[in-house]
Amino acid sequence: MTIDVPQEILDALTDIDMPRLPAEGVASEEVRLAGIATPIYRAGCVVVGSGAAGLRAAVEMKRRGVDVVIISQSAWGGTSACSGSDKQTLHTANTADQGDNYRAMARAIGSGGAMDEDTAYVEAVGSSRMMASLQFLGLPLPQDPLGGTLRYQTDHDEVGRATSCGPRTSRLMVKVLAEEAIRLGVPFYNQTTAVKILTEGEGAVRNIAGMLVMRAGDRTQENPLGIALFVSGVIVLAAGGPGELYRDSVYPNGCFGSLGLALEAGVELVNLTESQFGIGTRREGFPWNLSGTYVQAIPHIYSVDGEGAEYHFLAGYYRSTQELASNIFRKGYQWPFHATRLLDFGSSLVDLAIYRETAAGRRVFMDFNRNPLPVPGDLPFSLERLDEDVRLYLGKAGADQQMPIHRLKHMNPLAIELYRRYKIDIAAGPLEFAVNNQHMNGGIMVDSWGRTNLGGCYAIGEAAGTHGVTRPGGAALNAGQVFGTRVAEHIGAGGAKRPAAGRVPEVAEAGIADLLSALRAESPLTVKAVRSAVQARMSEKAGIICDHRSVRQALIEARALNAEIRANGLAYERAAEAVRGVQWRHMALASEAVLSALDFFIGRGGGSRGARAICDAEGEFLPLASAGPLEDYRFRKETEAHRKEQIVVRLEGEEVRLSTRPNRELDKDARSFFERDWPAWLTGRIYDLDGGE
């Protein structure tokens, strides 16, 4: 039986209005720096980014008496507020009767390798507190009649740790956290883009001095670009991931992250080889992940060429209608592309097939008004002829309706309503989609308190490289909340007492001069040209299918582009375009860093894992399709040694340098003991304020 959900409930969970921002503060003074009348703002800590992770950090710091402010390029415009999937997931510890405990969850989080064991445990043990505090703030997580949180299984999740408010879970998280931040009086500075981190010191002993920004509200005749200075000894980078890095991306437009910004300041990055890719609708329309019930409804997937002819292309990959339909279903909880699932006619063969269709110039669609067509010579689609795991799932869900759209409406009416909000009616016509970049698992290297190698600088959320090769679906939302709280605790315990550098005006003047030298109206290099070059190169050479020759050539081209940017700067005609010029300089640098890490990894014998299949004519694995072996996609096996280490990236002068470090290990025999360990908590020794890990 299908239960019709009242429209007011659909509205509440899909059309979520965000709170109005409070009035912004005013500059404490104005100083002429590098010939520009520069407004100066002061704070104990500056949080860069207004997504769920940044808001959590700001709320928790404000509660601890920290003088914290939030700066944001576009409040409520990032991935937390604008991205999701059919049931966007929070990944938290489940109950013991489901076979769960914190150590088991930590093992699952880090099971893909190249992840620090202490980080995985921090995320696991912090997940219960994270979920409870969000519920306290009003996050409407679903419950059973006895008060238990409803759960389901997601990708890389063996015991069902996933829960969800629906497709806009992270937007609801932003809403309740923003309301709390505003209630606590946290100042917001919107339309404020961080463009340069200012540092003081030499060698390994360097600290935060402040941050240069470009603000629309500070543009004047004497300061046409709106350059302003935030003086602070502590910053938290929470600006999300580098969504603009790929042309084929499910990120909202304008998501630049902070990897290039951090690299320029000497902050070390890690695990840039690791990302997530999966099927979703394109950015030109309404970017959204097509995971969960979108594919568990088992729609018909086909492609169309330039002449309008349809191709039932998946029939060339799977041996039977049952196998084809069952693997479409499995994309629901095996949504990210994973190299090992190319084998044995697994679910990532769907991604490869779609990738090949789009590379051939065809457009790919899913049609919820048609069941999958049969594989030629085989029986037609039937709900009774599905693999056992698929049949059992649909049976438990009561999804026995004859057409995909009716199965989808039964399992998740919000999934249909969401697209309707953006003038796309998937009940009336097919939905175009592709394999897109979705998440950066790597990022800024941090310790178990969220500290970077730069004194006073922290990183959280997708900006932080806390994920390994794979992660359970929803673990990123959990990690942002857990580490948002962790950095707030650390800063509140003493991190925010770090004084701003005494040479701030001198450092800021040099920083402004550097910015102005990179923005040249007469430059032949445009923002549009850099964007096109970076995005095409990353999508075509650093997506789900990689080979060493192509990656090496892409790296050579990326280095040449950055050399050209350094030599000629970037052209701009108006202030808003100047902001984009700085951001694309950062993206070009981030692109070189990612390609450098990939080239380094493959050159050292790195194999296929997680989001990427490393193709090699001598590779051990050969995917099979119904038509025969896919010889062009023979790929390497991952080596165990690479699972135990991480690739570190840093910028020295103009050169990207690479090294490796072993994963931090957790003492599995260690157990806390109250009377012994309580003094460390009372005295603050747990925060390790005098050194890093």
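This report walks through the cores, cysteines, salt bridges and one surface patch of the structure above.

Keep in mind that this is a predicted model, where local features need pLDDT of at least 70, side-chain atom pairs count only at pLDDT 80 or more, and totals for chains, interfaces and linings use all residues. Residues are numbered from 1 along each chain as its sequence is written, and side-chain values use heavy atoms, with hydrogens and water left out.

Let's start inside. A nonpolar core is a set of buried Ala, Val, Leu, Ile, Met, Phe, Trp, Tyr and Cys residues joined through side-chain atoms within 4.5 Å. Buried means under 20% relative accessible area, exposed means over 50%, and partly exposed is in between (1.4 Å probe, protein chains only). The largest nonpolar core has 128 residues, and Leu237, Tyr294 and Ile444 touch the most other members. Helix α18 (residues 575-603) gives the most to this core, with 12 residues. Helices (H or I, at least four residues) and strands (E, at least two) are DSSP runs, numbered from the N terminus.

Now the cysteines. A disulfide is a pair of cysteine sulfur atoms within 2.5 Å, and a search of the whole structure turns up 0 of them. For cysteine 165, the nearest cysteine sulfur belongs to cysteine 82, 17 Å away. Cysteine 165 is buried, at 6% relative accessibility.

On to charges. A salt bridge is a side-chain nitrogen of Lys or Arg within 4 Å of a carboxyl oxygen of Asp or Glu, and the structure holds 55 of them. Here are some examples:

| Pair | N to O distance |
|---|---|
| Arginine 32 and glutamate 222 | 2.4 Å |
| Lysine 196 and aspartate 514 | 3.1 Å |
| Glutamate 432 and arginine 363 | 2.9 Å |

Why does the lysine 196 and aspartate 514 pair tie together parts that are 318 residues apart in sequence? Lysine 196 sits in strand β8 (residues 192-202), while aspartate 514 sits in helix α15 (residues 504-518). Lysine 196 is buried at 16% relative accessibility, whereas aspartate 514 is partly exposed at 29%.

Finally, the surface. Phe674, Trp678, Trp681, Leu682 and Ile686 make a nonpolar patch of about 570 Å². Patches are made of residues with over 30% relative accessible area and no salt bridge, with like charges joined within 9 Å and nonpolar side chains (Val, Leu, Ile, Met, Phe, Trp, Tyr) within 5 Å. Accessible areas come from the Shrake-Rupley method with a 1.4 Å probe; for residues, only the protein chains shown count as cover. Leucine 682, in helix α20 (residues 674-683), is exposed at 57% relative accessible area.
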